[in-house]
Amino acid sequence: MEINTNFTENAKNDFHLVVKARQGDQKAYADLMVRYKDSIYFMILKMVNNKEDAMDLMVETFAKAFEKLDKYQPDYAFSTWLFRVATNNCIDFIRKKKLNTMSIHGMLDEEGEEKPLQIRADTLNPEETSIKKQQTKELKQLIEGLPLRYRNLITLRYFDELSYEEIAQQLDLPLGTVKAQLFRARYLLGNIINRYNRDDI
């Protein structure tokens with residue numbers, strides 16, 4: 001994989017980090033994320049106009065980019081490729097959101113009568129509690145399919161509910177590395193869940 005001779009110094013540095021990341025260097029993943037997370041976040045925020053959605057989409061963007069890193073070609077800068085991944089991710093999100101949006105006034109049954117709006121209670125009934133326990137058990141089984149380091153991170157973050165900082169301290173890792181590895185872990189877990197759901201159909 002040859003570097004584009006027209007690259008700026010920043011683009012050359014990114015290229016070297018990508019090469020290291022492809023070889024499994026976790027610090028390289030973290031360095032790439034630290035470089036671009038703010039600019040990616042603010043670009044996404046302009047598109048979706050919601051801070052929580054923007055944060056989720058920023059996480060997804062890095063997860064997808066890191067997962068597809070072997071497809072990046074250095075004909076153009078890594079930053080250009082990364083922003084394209086982010087833009088495509090946002091477009092997909094906006095398209096899905098429009099499909100899932102329904103006017104409250106448009107909620108009619110087959111006879112054209114308005115359907116009552118059902119508001120979910122915050123407390124779970126016994127059946128829902130049982131289902132939630134079963135889903136948690138199944139999720140833990142799926143997590144077993146992850147590599148050990150990702151399994152530990154997912155458990156610490158989502159079952160033990162530790163902060164990024166607490167995880168970094170417990171595992172003696174840089175904060176950026178914890179975040180980058182958690183992004184990858186979540187993405188890999190999502191792929192496992194999708195395969196599991198397809199097998200159930």
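**A helix pair examined**

Modeller: Helix 6 is followed by E161, which has a positive phi near 60°; helices here are DSSP runs of H or I with at least four residues, numbered from the N terminus. The model is predicted, so local features need pLDDT of at least 70 and side-chain atom pairs pLDDT 80 or more, whereas totals for chains, interfaces and linings use all residues. Residues are numbered from 1 along each chain as its sequence is written, and side-chain values use heavy atoms, leaving out hydrogens and water.

The 12 residues of helix 6 should span 16 Å at 1.5 Å a residue, which agrees with the 15 Å between its end C-alpha atoms; the expected span is 1.5 Å times one less than the number of residues. Its buried residues (under 20% relative accessible area, 1.4 Å probe, protein chains only) are Y150, L153, I154 and L156.

Helix 6 (residues 148-159) packs against helix 7 (residues 164-171) at about 140°, with the axes 10 Å apart. Axes are lines fitted to C-alpha atoms over the stretch in contact, and angles run from 0 to 180 degrees between N-to-C directions. Helix 6 is therefore oblique to helix 7, oblique being what is left after under 35 degrees (roughly parallel), over 145 (roughly antiparallel) and 65 to 115 (roughly perpendicular). From helix 6, L153, L156 and R157 meet Y164, I167, Q170 and L171 of helix 7, contact meaning heavy atoms within 4.5 Å.

Helix 7 also holds A168, which is buried at a relative accessible area of 9%. Setting aside residues up to four places away in sequence, A168 touches L173, P174, L175 and V178.

Conventions: Helices (H or I, at least four residues) and strands (E, at least two) are DSSP runs, numbered from the N terminus. Buried means under 20% relative accessible area, exposed over 50%, partly exposed in between (1.4 Å probe, protein chains only).
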